[in-house]
Amino acid sequence: MTNLDGNSSPKIHVETPPVASSAPPSVNHRTSATNSGGIGGILRRFEREDLMKRGSLALRGIALLFSLISFIVMASNKHGDWRDFDKFEEYRYLLAIAILSSLYTGGQAFRQIHELSTAKQLLKPRMAAMLDFFGDQIIAYLLISSASSAIPLTNRMREGADNIFTDTSASAISMSIFAFLCLAASALISGYKLSTQPYI
């Protein structure tokens, strides 16, 4: 005999398989990691550019000081008779280049101080980079050229008589050489800045 009871029907339990989590990694974590690396790189670049600007300004300021000293010392090198600087072409050339160097470095220092203090550029970036690079090189070459032309004359004079005139001339020549060294270093910075511009 079978007991057919409607309530005792067999129960089938079906388990649903676990669903694997296929969600991609958190987008927020990825984005923040990327942004932190990108922002860090940008900040390092800004710090490097700011350091180069300040270094270039310092070098031009020192070059301005040396050029002014060379100009003042040579312009005051007048001791009567043949011991006047304007009687020698080499010393007149040294004085003219010292004046030109003073004007150039003074103008460049003023422009850079204005840009650092107001964050506004007086010239377009392309024009400023070209002016810095070529201006530094041209003035540096002129300074070393004027010093090189005055050194042999001063040495010949010192062989005959070493006096205040030749000592003053040697001092002015030394200041021009120091100004050349500062502008040569500034030209290296300007060349690096020019080579990293995106329009080159």
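**Nonpolar cores.** I began with the largest nonpolar core, which has 13 residues. Met74, Phe88, Tyr91 and Met157 are the residues I noted as having the most contacts inside this core. I then checked which helices supply it: helix 2 (89-118), helix 3 (125-160) and helix 4 (164-195) each supply at least two residues. Helix 3 gives the most to this core, with four residues. I also recorded another core lying apart from the largest one; this other core has 12 residues, including Met175, Ala179, Phe180 and Leu183. I worked throughout from a predicted model.

**Methionine 157.** Which residues are in contact with methionine 157, its neighbours within four places in sequence left aside? I listed Trp82, Phe88, Tyr91, Phe165 and Thr166.

**Overall fold.** I counted four helices and zero strands in the protein. Read from the N terminus on, I wrote the elements as α-α-α-α. I looked up the contacts between residues at least 6 apart in sequence and found that 77% of them join residues at least 24 apart.

**Annotated spans.** I consulted the UniProt record, an unreviewed entry, in which the annotation "transmembrane region" covers residues 57-76, 91-110, 131-151 and 171-192. Residues 91-110 are 100% helix and 0% strand, with end C-alpha atoms 28 Å apart. Residues 131-151 are likewise 100% helix and 0% strand, and I noted 30 Å between their end C-alpha atoms.

**Burial and surface.** I recorded that 32% of the 200 residues of the protein count as buried.

Technical notes: Residues numbered from 1 in each chain as written. Predicted model: local features only at pLDDT ≥ 70, side-chain atom pairs only at ≥ 80, totals over all residues. Heavy atoms only, no water. UniProt positions renumbered as here; feature names shortened; annotations may be inferred. Core = buried A, V, L, I, M, F, W, Y, C linked by side-chain atoms within 4.5 Å. Buried < 20%, exposed > 50% of the residue type's maximum accessible area, 1.4 Å probe, protein only. Contact = heavy atoms within 4.5 Å.
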